[in-house]
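Welcome! Take a look at the sequence and the model, and then read on.

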Amino acid sequence: MRVVMIGPPGAGKGTQAKLLEERFGVPHISTGDILRGAERAGTALGLEVQRYLRDGGLVPDALMIDVVEKRLAAPEGCGFVLDGFPRTVTQAEALDAFLARRGERLDGVVWIRLPREELVRRLSGRRVCAACGAMFHVTFDPPARPGVCDRCGGALVQREDDREETVRHRLDVYERETGPVIDHYRARGLVRETDGTGSREEVFDRIAAGVR
Ligand code: AP5
């Protein structure tokens with residue numbers, strides 16, 4: 001299975017990609033997680049991308065394409081659920097070319113849609129574990145003890161780019177840069193438009209019915 005998840009910030013791409021990984025055994029590749037991990041580790045990549053992460057702007061295409069091609073070239077051989085890439089038409093064309101060189105193609109693009117006020121509600125309540133990266137929501141998926149990770153006991157924090165001002169900027173960037181990516185894939189008959197409202201399980205059932 002080779003699937004791309006597309007949708008605005010907070011639509012549930014990461015949540016649903018993880019569920020697809022669990023159900024179908026296909027690796028979930030999140031470019032946001034890769035970049036935040038590099039930043040935490042203080043690598044050269046992390047230093048280079050930290051201002052884009054903080055401001056909610058896009059990391060330059062050439063850098064992102066290099067990161068993703070290296071990750072996809074890893075010999076896991078059972079496909080992928082790509083979350084957060086491609087985000088521009090240039091990235092989409094690079095992915096098309098990369099797959100074509102390998103004699104592969106995408107099976108589908110899951111486009112998750114959600115009203116703007118619900119996106120803001122989901123992002124403002126999101127908390128992540130500073131130690132292991134596990135994700136929670138203060139209302140929709142609260143930890144057993146407030147502020148403490150159920151998985152490892154680490155401290156739960158708000159992502160820096162989930163502040164209100166930055167969220168607004170990320171939504172604008174999504175509409176401007178990633179909207180045309182949906183058109184790119186729609187012209188190839190790959191887009192599966194999915195209603196992102198409802199519980200995690202309800203959304204997952206919609207997605208899973210389309211990717212089987
Ligand atoms: P990235 O990490 O990809 O962020 P994003 O696309 O803005 O998406 P999010 O992670 O915010 O949201 P999501 O859709 O995954 O929702 P989630 O499942 O977490 O990118 C971050 C930054 O990295 C970018 O701004 C950019 O700087 C850089 N970057 C990354 N890729 C790049 C690229 N290709 N090119 C250039 N730059 C790049 O859910 C959100 C919350 O809602 C959670 O709390 C969750 O628990 C809750 N929730 C989920 N589903 C439900 C539900 N059904 N009901 C109730 N709550 C729910």
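This is a predicted model: local features need pLDDT of at least 70, side-chain atom pairs count only at pLDDT 80 or more; totals for chains, interfaces and linings use all residues.

## The shell around the ligand

The shell around the ligand is made up of 14 nonpolar, 12 polar and 9 charged residues. In this sorting, Ala, Val, Leu, Ile, Met, Phe, Trp, Tyr, Cys and Pro are nonpolar, Asp, Glu, Lys and Arg are charged, and the others, Gly among them, are polar. Altogether 35 residues surround the ligand, and the closest are T15, G57, R87, R126 and R170.

Residues are numbered from 1 along each chain as its sequence is written, and side-chain values use heavy atoms, with hydrogens and water left out.

G57 contributes a polar backbone atom, 2.5 Å from an oxygen atom of the ligand. For R159, a polar side-chain atom lies 3.1 Å from a ligand oxygen. The ligand taken alone exposes 1100 Å², and the protein buries 96% of that. These accessible areas come from the Shrake-Rupley method with a 1.4 Å probe; for residues, only the protein chains shown count as cover.

Several elements give two or more residues to the shell: α1 (13-24), α2 (31-41), α3 (44-55), α6 (116-125) and β6 (135-137). The most comes from α2, with 4 residues. Helices (H or I, at least four residues) and strands (E, at least two) are DSSP runs, numbered from the N terminus.

## Two aspartates in one loop

D161 lies in the loop between β7 and α7, and D162 is in the loop between β7 (156-157) and α7. Are they buried or exposed? D161 counts as buried because its relative accessibility is 9%, and D162 counts as buried because its value is 3%. Buried means under 20% relative accessible area, exposed means over 50%, and partly exposed is in between (1.4 Å probe, protein chains only).

Each has a polar partner: the side chain of D161 pairs with that of R159 at 3.0 Å, and the side chains of D162 and R126 are joined by a polar contact of 2.9 Å. A polar contact is a pair of N or O atoms within 3.5 Å; within protein, one must be able to donate a hydrogen and the other to accept it, and residues adjacent in sequence count only if both atoms are side-chain atoms. Leaving aside neighbours within four places in sequence, D161 touches L53, R54, T166, V167 and R170, and D162 is in contact with L123, R126, V167 and R170. Contact here means heavy atoms within 4.5 Å.

I112 sits in strand β4 (residues 108-113). I112 is buried because its relative accessible area is 0%. I112 and A11 are 101 residues apart in sequence, yet their C-alpha atoms are 6.2 Å apart in space. Beyond its neighbours within four places in sequence, I112 is in contact with residues including M5, I6, G7, T194 and I207.

G46 belongs to helix α3 and, at 1% relative accessibility, counts as buried. Its contacts, apart from neighbours within four places in sequence, are A38 and E39. H169, in helix α7, is partly exposed, with a relative accessible area of 34%. With neighbours within four places in sequence set aside, H169 is in contact with D55, G56 and G57.

## A helix pair and a cis bond

Helix α5 (residues 89-101) packs with helix α7 (residues 164-186) at an angle of about 35 degrees, and their axes are 8 Å apart. The axes are lines fitted to C-alpha atoms, for helices over the stretch in contact, and angles run from 0 to 180 degrees between N-to-C directions. V89, A92, E93, L95 and D96 of α5 meet P180, V181, H184 and Y185 of α7. By class, this contact has 6 nonpolar, 1 polar and 2 charged residues.

Finally, find P86 in the loop between β3 (80-83) and α5. The peptide bond from F85 to P86 is cis, with omega near -5 degrees. Most peptide bonds are trans.

Definitions and conventions
A residue is near a molecule or strand if one of its heavy atoms lies within 4 Å of it.
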